[in-house]
Amino acid sequence: MTAESQPARKARTGVIGLDDILIGGLSPGHVYLLEGSPGTGKTTIALQFLLDGAKVGETGLYITMSETEAELRDGAASHGWSLGDSLHVYELVPPESLLDDEHQQSLLYSSDLELGETTRAVFAAIDRTKPVRIVIDSLSEIRLLAQSSLRYRRQILAMKHYFARQGATVLLLDDLTTDTNDKTVHSLAHGVIRLEGLTPTYGAERRRLRVIKYRGQSFRGGFHDYIIAKGGVQVFPRLVSGEHKTGFARNVLTSGIGELDALLGGGVEQGSSTLVMGPAGTGKSLLTVQFAISAALRGEKAALFIFDEELGLLIDRTKLIGIDLVALCEAGNLFIEQVDAAELSPGEFTDRVRTKIHRHGVKTVVVDGLNGYQAAMPEEEFLTLHIHELLQYLNRQGVSTFLTVAQHGLVGDMKSPVDVTYLADTVILLRYFEAFGQVRRAISIIKKRFGSHENTIREMRITNKGVALGEPLEGFQGILRGTPVFTDGDRAQLLKDR
């Protein structure tokens, strides 16, 4: 490929994740529209765009009509940014003659004069600084001055042709405070990015963005979650599992509990997902933690994402059965994260999981539990699709995943808040049952895609040495319903009391 035929280097936005969505960034020399309601982060993204250009020696110009230069610099300072010499800020204010009553025109509409003055001032600032990257904030002011849709379109078209001659990459900001149905700039811009803010009934606000248009270029479609934090906007691209395929040996992983491994037909396969279901208190968390600990003791990396339990409580109660999670974390083989379902978006959670895999080499992931994951997205209608993409991605990375779901009820008929049994490769079912005047726990495997497994039901007990399984409960009927009937045998088939 000759130098002349090579594609031009894209102008990176400087926003983590957004360049990935845009497949490298913005094609240089074009006009782009960034629209969103006030508070969605348009100014922050625009500053990141200019600052990233400054890093590669490109002069930037920020033309502000809605904020003062002092406000803009204060906002940049709140993120720890300094607007250096290569980034110019031009505060566009109405000419003094237009603010003075004695100089108001009576024969011409003042908007005609203001629009002309504004346009000339913008062009003059560009001619003085010769910027490579330009931000104009915001189009709402120009739309108000133009008054009619026709004049507004002509004005934007004239500005577009002017920018094309300059060869600059331009970002137009629109706060959607005037006519939200006016799509004039949509048709003229080379690309359009929309920012949206969502306010759930409870919890922190959620933000997402979508690339509506990118002329002549591919991009990652759909909605993508993002946050505004100190240091700028961070975007979490929507996970597409089909883009992440790796080769790995499908080894069998053990739990360290002989009876449980036998029940599972030797263990679980690497790169598979295991769902542990049962009512509250049956030991779902301890069972999945056991697999993570077994991986850490083998020298592999494991990660726990805890939704439903306070982390300190989990550490204390596992210590009572001889499991020291803190020591494993200090050794570097175990990572534990407390996830606040009310504060975290699904996209950010997925990003945290991916970070553990790519940055730390984690091969065992525990999500405890899906009830909390569901709470993290109370107004999302596609929870199952989120889980499907996450599980498929983890499987293709050779990661063994363990999920828990707390079913509603304690005995009798059970209902799950979310049905993902068809997504998991292995499903472990825990139940309470009554026998000889005591409440006991039962465990069984109801699904396993890879290899064979026992079809028996065993008693499971939590002792001061951890999780223990007994012999198959062959003398009972109806254990899975929680209402067993003793048909044969004697007490000896149940584990002895501690």
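**View 1. M277 and its bridge partner in β17.** In strand β17, L429 is the bridge partner of M277. The two strands involved, β12 (residues 273-279) and β17 (residues 426-435), pair in the parallel sense over 4 bridges; strands are DSSP runs of E of at least two residues, and helices are runs of H or I of at least four, numbered from the N terminus. Two strands pair if DSSP finds at least two bridges between them. This is a predicted model, in which local features need pLDDT of at least 70, side-chain atom pairs count only at pLDDT 80 or more, and totals for chains, interfaces and linings use all residues. Residues are numbered from 1 along each chain as its sequence is written, and side-chain values use heavy atoms, with hydrogens and water left out.

**View 2. The open sheet of 9 strands.** The strand order is β14-β13-β15-β16-β12-β17-β18-β19-β20, with mixed pairing. The edge strands, β14 (334-338) and β20 (466-472), each pair on one side only.

**View 3. Helix α10 and the residue that follows.** Helix α10 (residues 284-297) has 14 residues. Of these, 13 are buried (under 20% relative accessible area, with exposed over 50% and partly exposed in between; 1.4 Å probe, protein chains only), so α10 is largely enclosed by the rest of the structure. Just after α10, G299 takes a positive phi of about 95 degrees.

**View 4. Loops on either side of β4.** K130 is found in the loop between α5 (110-129) and β4; its phi is near 50 degrees, a positive value in a residue other than glycine. At 54% relative accessibility, K130 counts as exposed. S138 lies in the loop between β4 (133-137) and α6 (139-146), and the peptide bond from D137 to S138 is cis, with omega near 5 degrees.

Technical notes. Expected span 1.5 Å × (residues − 1).
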